[in-house]
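Hi everyone, thanks for making time for this. Let me put the structure up on the screen, and then I'll walk you through a few spots in it.

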Amino acid sequence: MNVIKKFNQLTWKIRLAIVISVLWFLFWMLAGLEEEAFFWGLGFGGFPILLFWGFCLMAIHPGKEKDAAVMENIEKIAKERMAERREFARLEYPDTKRPLLKYGEYEFPIINISERGLKLFNEKRIKIDHVVNGEAVLLSGRSIIVNGKASWSLSYEFGLLMDPISTSIITEEKGILAID
C-alpha cells in the first residue's frame, strides 16, 4: 500500500516514465524467453532500466541532510506564520533565567509572557485548578498579581489566560534580558 501511495504522489511525467520502463522491461524479458535468449532480454530490457533509474534516483533524491534542512525550514516558516497570527507578541525567557509564578505552595517557571497570558513549566505535573490565582515574580523584581484561567495543558507545560499585563512591564523585562 505504501508503494501505491508513493506512486500516486509522483508527477504524471515520472509515472509515465515508470510505466514505459516497466513495459520495455517486460517486452524484452518475454522476447528473451520466447527465443530462449533470456540473458539478451535481461541485457536489453533490465540492465538499461536499472542503470537509468539508478542515475535518476541519485540525481533526484536529495539525501537525508537536505531532507532535514527542508523540514527545519518548513518548521521555521510555520512558526513565523503562527507568530503572525498571534494577537500579542510573546517574550521568551531562556531556560537558565526564568521568573517564577507562585501558586499556593508551588512555584512554576515562566517560559514566556505576553500581554494576555503566561506559558508555564510544570515539571512535576502538579494538577492545577481551572482558575489560578497567584503572584508572578519577574526578573525586574516586580511582582504582579495573577488572576487567570488555565486555557491549555500539554505534558510539562500549560497556558494561562489572564487579565492584561502592562506593555511597560514586558518592555522592562525585554530590557533586562537584553542586558544579560
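Let's begin with Phe-108, which is buried, with a relative accessible area of 1%. Keep in mind as we go that this is a predicted model.

With Tyr-106 it makes a tilted pair, 6.5 Å from centre to centre and with 35° between the planes. Phe-108 also pairs with Tyr-103: here the ring centres are 6.2 Å apart and the planes stand at 35°, so this pair is tilted as well.

Are the two tyrosines buried or exposed? Tyr-103 counts as buried, because its relative accessibility is 12% and the cut-off is under 20%. Tyr-106, at 32%, falls between that cut-off and the 50% one, so it is partly exposed. Which residues do the ring pairs link into a cluster? They are Tyr-103, Tyr-106, Phe-108 and Phe-158. The structure holds four aromatic pairs.

There is a charge over a ring, too: the charged end of Arg-125 sits over Tyr-156, 4.3 Å from the ring centre.

Now the strand that carries Tyr-103. In a regular strand, side chains alternate between the two faces of the sheet. S2 has a covered face with Leu-101 and Tyr-103, while Leu-100 and Lys-102 are on the uncovered one. S2 pairs with S3 in the antiparallel sense, over four bridges. It also runs antiparallel to S5, joined to it by three bridges. Lys-102 shows both pairings: its bridge partner in S3 is Glu-107, and in S5 it stands opposite Glu-135. Two residues lie between the strands in the S2 and S3 hairpin, where Gly-104 takes a positive phi near 65°.

Which of its 24 residues touch the most other members? Leu-101 and Leu-118 do. The elements that each supply at least two residues of this core are strands S2, S3, S4, S5, S6 and S7, together with helix H5. Leaving aside neighbours within four places in sequence, Leu-101 is in contact with residues including Phe-108, Ile-110, Leu-120, Val-132, Val-146 and Leu-160. Tyr-106 and Glu-135 are also among those contacts of Leu-101.

Ser-114 lies in strand S3 and is buried, with a relative accessible area of 3%. Beyond four places in sequence, Ser-114 touches Phe-88, Ala-89, Arg-90, Ile-165 and Ile-170.

Let me zoom out to the whole chain. There are five helices and seven strands, and from the N terminus the order is α-α-α-α-β-β-β-β-β-β-β-α. Of the 180 residues, 26% count as buried. Among contacts between residues at least 6 apart in sequence, 50% join residues at least 24 apart.

And how far should we trust all this? The mean pLDDT of the chain is 78, with 73% of the residues at 70 or more. Where pLDDT is low, the predicted coordinates should not be read in detail.

That's the tour, and I'm happy to go back to any of it.

Conventions:
Residues numbered from 1 in each chain as written. Predicted model: local features only at pLDDT ≥ 70, side-chain atom pairs only at ≥ 80, totals over all residues. Heavy atoms only, no water. Core = buried A, V, L, I, M, F, W, Y, C linked by side-chain atoms within 4.5 Å. Buried < 20%, exposed > 50% of the residue type's maximum accessible area, 1.4 Å probe, protein only. Contact = heavy atoms within 4.5 Å. Phe/Tyr/Trp six-rings, centres within 6.5 Å; stacked < 30°, edge-to-face > 60°. Lys NZ or Arg CZ within 6 Å of the ring centre and 35° of its normal. pLDDT = per-residue confidence, 0-100. Pairing = 2+ DSSP bridges.
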